[in-house]
Amino acid sequence: MGQKISNTSSKRTQNSSFLSFLKRFSPQKPSLDKIVLPRKGVLAKLITPPANKSSDFTRIISDCISFASTRTQEYLVFKDPEGKFQPSPQTLTQVFLMTYMTQSVNQDLTEAFNCTAMTPEQRILLGADWVWAILEKPTKNPKIQIAVQVLHLPDREEAEERAAARKPVSESIQMAQMESRNQNAYERMVDFCTSIGKDCYALFLFFGKRDDKENIYGVLSNNFEAAVGKYDRIDRALIENFLKGLKYFHTPLGMMQAIFTKKTDEALTLMIKFS
Amino acid sequence: MELYGKMAATQDVKGKGEGGDQNFDYMFKLLIIGNSSVGKTSFLFRYADDAFTSAFVSTVGIDFKVKTVYKNDKRIKLQIWDTAGQERYRTITTAYYRGAMGFILMYDITNEESFGAVQDWSTQIKTYSWDNAQVVLAGNKCDMEEERVVSVDSGRLLAEQLGFEFFETSAKDNINVKQTFERLVDLICDKMSESLDTDPAVTTGAPTTKLTDSAPPLQQPGCNC
Ligand SMILES: Nc1nc2c(ncn2[C@@H]2O[C@H](COP(=O)(O)OP(=O)(O)OP(=O)(O)O)[C@@H](O)[C@H]2O)c(=O)[nH]1
Ligand SMILES: [Mg+2]
């Protein structure tokens, strides 16, 4: 393409070559191979109207996240009348992810904002359950990432651990645990995000917290490493402390807006209520 | 901890296990590196699970798989690390170079830029890994002959200049995938027996080094290959 344009400009004056350049890319003569036709969902909204571009985009993302949170909450508050059965932590995480993924595919979101579920090994190595990424337009490289780790209520987690203790652990999981033995999962995720930079956030997603077991909360920050300096270790108590005594929480929409409007290299920490 | 402990114990008695439940004789840590989208994940997926998918899911950070191979009656466990090629993960991926015994450095024969980056990747190996690490250069996607922009000869020449072995491969059509890993294992085994010959500490039967990430077991007995 570049080749062709420079050939043209060598034959004509600069001015007309500029005009021909304009013509080549003029939207007045739409041709199928150059102009992406509006599609359903987010792409259509991205193309028309351009003024609301990013606000619409953030709204669609946050709608998908809210939708998944609401669905997950239904299962979170579920109680077996006989008190015998309860969904495992893993099931709740899966419900969230499945609902979110289905929704984001329906909304045609995945080209611009994708969600990568971690493999079991990655979950241990990086401490994340999944990673959201805002993708740069032509390259599809991540521009901003949110690594998410789900935290479950302690009693639910203990029940899971008891069940897991009876099952054999695969060799590669043992190796992953061995590789990461010096840090807990919170620290691993913070390390992972810090190694990428300020455009990678860690989001600890609480499926219920101690004083409100029926709602979903989150602590999001690109600056957890600051806590590493102050405290010996990052643990659940430290992260849950961010949520203590707060009256005002961000909404998922507020979270996405804050991420989008933040300046590069700025620190950002938010507490969010998802359900 | 347990796995490494067992391995070290096995080596202390020169390859003869103390009986019981250990399930391998050696463990090699291998890394696959190269630009994003050259096919590293696909290559490992083909080797470990004999599968291929054409959808592209760019790797986040790092991942690994385990595969056991047999060589001269020895069970060799390969811990194969699949690194993310994207620049933003460079800090985390290079942290895993330490202690790697072998690298597969991959480019895409249909992508000039990925070939141009080979030199830089090779420098990364020199900077972050240990001197005796073995490297195989792999020109992947050789099934896409029509879209080829890097000739076999320029691949081979570059490998020679860098002192690496060379294969053209296809994760899609399963060409030279197994061969690439087998060659890398052979090279590591050769290196191990070489240092066994030259290191007096080993021949006098005083293997004291504890096996850790930073001290690969090269000065330990070789794998008889
Ligand atoms: N034709 C062909 N396509 C391939 C081959 N190997 C991989 N691909 C495709 O190339 C794309 C990228 O492959 P990946 O294995 O995900 O690339 P990667 O090197 O792991 O990329 P990162 O994780 O971003 O570093 C995918 O769409 C694969 O299907 C091959 O041998 N032949
Ligand atoms: Mg990959």
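Two strands pair if DSSP finds at least two bridges between them; helices (H or I, at least four residues) and strands (E, at least two) are DSSP runs, numbered from the N terminus. The model is predicted: local features need pLDDT of at least 70, side-chain atom pairs count only at pLDDT 80 or more, and totals for chains, interfaces and linings use all residues. Residues are numbered from 1 along each chain as its sequence is written, chains are lettered from A and ligands numbered from 1 in the order in which they are written, and side-chain values use heavy atoms, leaving out hydrogens and water.

**Stop 1: strands of chain A**

Select A:Ala133 and A:Gln145, which are bridge partners, the latter in β3(A). Strand β2 (residues 130-135) of chain A pairs with β3(A) in the antiparallel sense over six bridges. The two form a hairpin with six residues between them, and A:Lys140 in the turn has a positive phi of about 65°.

Next, show strand β4 (residues 200-209) of chain A, which runs parallel to β3(A) and is joined to it by eight bridges. Here A:Gln145 has A:Cys200 as its bridge partner in β4(A). Strand β3 (residues 142-152) of chain A has ten of its eleven residues buried. Buried means under 20% relative accessible area, exposed over 50%, and partly exposed in between (1.4 Å probe, protein chains only).

**Stop 2: nonpolar cores**

A nonpolar core is a set of buried Ala, Val, Leu, Ile, Met, Phe, Trp, Tyr and Cys residues joined through side-chain atoms within 4.5 Å. Which members of the largest core touch the most other members? Select A:Phe192, A:Phe204, B:Phe103 and B:Leu105, out of 64 residues. Helix α9 (residues 185-196) of chain A gives the most to this core, with six residues.

Center on A:Phe204. Leaving aside neighbours within four places in sequence, A:Phe204 has contacts (heavy atoms within 4.5 Å) that include A:Leu151, A:Tyr186, A:Met189, A:Phe224 and A:Ile239. Another core, of 36 residues, lies apart from the largest one; among its members are A:Leu97, A:Ala112, A:Met255 and A:Ala258.

Now select helix α12 (residues 252-261) of chain A: seven of its ten residues are buried, so the helix is largely enclosed by the rest of the structure. Among the buried residues of α12(A) are A:Pro252, A:Met255 and A:Ala258.

**Stop 3: the sheet of chain B**

Chain B has eight helices and six strands, and 52% of its 225 residues count as buried. The six strands form an open, mixed sheet in the order β2-β3-β1-β4-β5-β6 (chain B). At the edges stand β2 and β6 (165-168) of chain B, each with a single partner strand, so one side of each lacks a neighbour in the sheet. The twist averages 25° from one strand to the next.

Strand β1 (residues 26-33) and strand β3 (residues 74-83) of chain B pair in the parallel sense over seven bridges. B:Tyr26 stands opposite B:Ile76 in β3(B). Helix α5 (residues 118-128) of chain B packs on the sheet, touching β1, β4 (102-108) and β5 (134-140) of chain B. The direction of α5 makes about 165° with that of β4(B); axes are lines fitted to C-alpha atoms, for helices over the stretch in contact, and angles run from 0 to 180 degrees between N-to-C directions.

**Stop 4: the magnesium ion**

Select ligand 2. Its protein donors are B:Thr41 (OG1) and B:Thr59 (OG1), lying 2.0 to 2.1 Å from the magnesium ion. Donors are N, O and S atoms within 2.8 Å of the metal (3.2 Å for Na, K and Ca); water is not among the atoms, so sites may look incomplete. B:Thr41 lies in helix α2 (residues 40-49) of chain B and B:Thr59 in the loop between α2 and β2 (62-71) of chain B, so the pair ties together parts 18 residues apart in sequence. B:Thr41 is partly exposed, at a relative accessible area of 35%, whereas B:Thr59 is buried, at 14%.
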